[in-house]
Amino acid sequence: MPRRSSPPCYLILLLSGFAGAMGWGIRGQYGHETGAMIAGVLVALVLVFLFCPRLQSLQAARAVALMTLGVSFGGSMTYGQTVGLTHDAPLIGNHAALVWGLLGLFLKGGIWIGFAGLFLGIGLTDKRYTAWELTALLCGATVLLLVGQQLINRPFDPDAQLLPRFYFSDHWRWEPDTELKPRRESWGGLLVALLGIFSYVALRKRDSLARQLTLWGFLAGGIGFAGGQCVQAAHAWFPSFFDDGFLSPIAAHINWWNLMETTFGFLFGSILAWGLWRNQHHLKPSNGTPEITLTPWSEAGLLALHIAVLVSWNFLSI
């Protein structure tokens, strides 16, 4: 749609932010990839309905499904100890740990929502991506994921206190006399995979919308995760300000972890919406009935494969 026909910018930012806040708050009850998809589908629905009300149902569903897929990847990253670097009691007053933890959250949040923006852009662009092209792209990204983990997230031998050079979970450098349980990180592999797909859409496909939304998504996730944790860290570092000041009547009733999550969701939803607002001239027009590229048998086979993998992941020990 042309810029003048879309809803007011403030309304888009608020609605997208509220969808992200609610979705990411709910996400905390489920966790991992499945939980992240809740926020992905809510924010994507709001963005598609606000920016592309004339899209055919199938075109809209494709865009929403792609962003929901993209936001799920980040759910495989561990981040609990990264959050802990900024507010755990033994580290209160350690400014180096605080800065390192916030840097890790910015990086992990950026990767997380960078994928969401990338796949939303692929769903809404005027460039054409075939099913086989996307399949090959994801297979190649899987290889890059493994390469990136070897290059960035290795070595990992906690018994020998041997951890990667760039490691954003709890480390003996912050708590040298403490018995720790370091967690295996995967953000490096995801970063290399994201850069691989980004290079393809930006250089090979010359897809301006997907390129721009990837960058906006990275910014949205980075600011969202780090910014949301700043709220929780502030309560841990300056408890008297919240517990003894004018906020004391409500401070004791606040779930600070969930407040971090909802703040993250609000910021990433709003900033991603702002990025789409700035690039809406690249949106794909609705031109007739959308093309169906999968046969019913292919779709049924993929659905069966999806269910098998989903059941294996959740209920089997592989």
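**Figure 1. Contacts across the sequence in the whole chain.** In this predicted model, take the contacts of the protein chain with a separation of 6 or more: residues 24 or more positions apart account for 80% of them. The protein chain has twelve helices and zero strands, so the pattern along the sequence reads α-α-α-α-α-α-α-α-α-α-α-α. With a radius of gyration of 21 Å, close to the 20 Å that the globule rule gives for 318 residues, the chain is as compact as a globular protein of that length. Along the principal axes, its C-alpha atoms fill a box of roughly 65 × 50 × 35 Å. As for burial, 47% of the 318 residues count as buried.

**Figure 2. Helix α2 packed on helix α3.** Two packed helices are described by the angle between their axes and the distance between the axes. Here the pair is α2 (residues 32-51) and α3 (residues 57-72), with an angle of about 145° and axes 8 Å apart. The crossing of α2 past α3 is right-handed. On the α2 side, the contact is made by Glu-33, Ala-36, Met-37, Gly-40, Val-41, Val-43, Ala-44, Leu-45 and Val-48. Facing them in the contact, α3 brings Ala-60, Ala-63, Val-64, Met-67, Thr-68, Val-71 and Ser-72. Sorted by class, that gives twelve nonpolar, three polar and one charged residues.

**Figure 3. The largest nonpolar core, and another one apart from it.** In soluble globular proteins, nonpolar side chains tend to be buried together. The largest core in this model holds 71 residues, and Trp-24, Phe-51, Trp-112, Ile-113, Leu-124 and Phe-268 touch the most other members. Helix α5 (residues 95-124) supplies the largest share of this core, 16 residues. Another core, of five residues, lies apart from it, with Phe-156, Leu-163, Tyr-167 and Trp-172 among its members.

**Figure 4. Gly-114 in helix α5.** Zoom in on α5 and you can pick out Gly-114. Is this glycine buried or exposed? Gly-114 counts as buried because its relative accessibility is 0%, and the cut-off for buried is under 20%. Leaving out residues up to four places away in sequence, Gly-114 touches Leu-194, Thr-214, Gly-217 and Phe-218. Pro-164 makes a handy reference point: Gly-114 and Pro-164 are 50 residues apart in sequence and 23 Å apart in space, C-alpha to C-alpha.

Figure 5. Gln-149 sits in helix α6 (residues 131-152). Its relative accessibility is 15%, so Gln-149 counts as buried. Which residues does Gln-149 touch, not counting those up to four places away in sequence? They are Arg-154, Ser-186, Gly-188 and Gly-189. Arg-154 also takes part in a cis peptide bond, which joins it to Pro-155 with omega at about 5°. Pro-155 belongs to the loop between α6 and α7 (187-204).

**Figure 6. Two residues with positive phi.** Most residues other than glycine have a negative phi, and most peptide bonds are trans. Gln-161, found in the loop between α6 and α7, has a positive phi, near 55°. Gln-161 counts as partly exposed because its relative accessibility is 49%. Arg-206 is not a glycine either, yet its phi is positive at about 50°. The loop between α7 and α8 (208-237) is where Arg-206 lies. Arg-206 has 61% relative accessibility, so it counts as exposed.

Methods. Residues numbered from 1 in each chain as written. Predicted model: local features only at pLDDT ≥ 70, side-chain atom pairs only at ≥ 80, totals over all residues. Heavy atoms only, no water. Axes fitted to C-alpha atoms, helices over the stretch in contact; angles between N-to-C directions. Helix = DSSP H or I, 4+ residues; strand = E, 2+ residues; numbered from the N terminus. Left-handed = near helix turned anticlockwise from the far one by under 90°. Contact = heavy atoms within 4.5 Å. Nonpolar A, V, L, I, M, F, W, Y, C, P; charged D, E, K, R; others polar. Core = buried A, V, L, I, M, F, W, Y, C linked by side-chain atoms within 4.5 Å. Buried < 20%, exposed > 50% of the residue type's maximum accessible area, 1.4 Å probe, protein only. Rg over C-alpha atoms; globule rule 2.2 N^0.38 Å.
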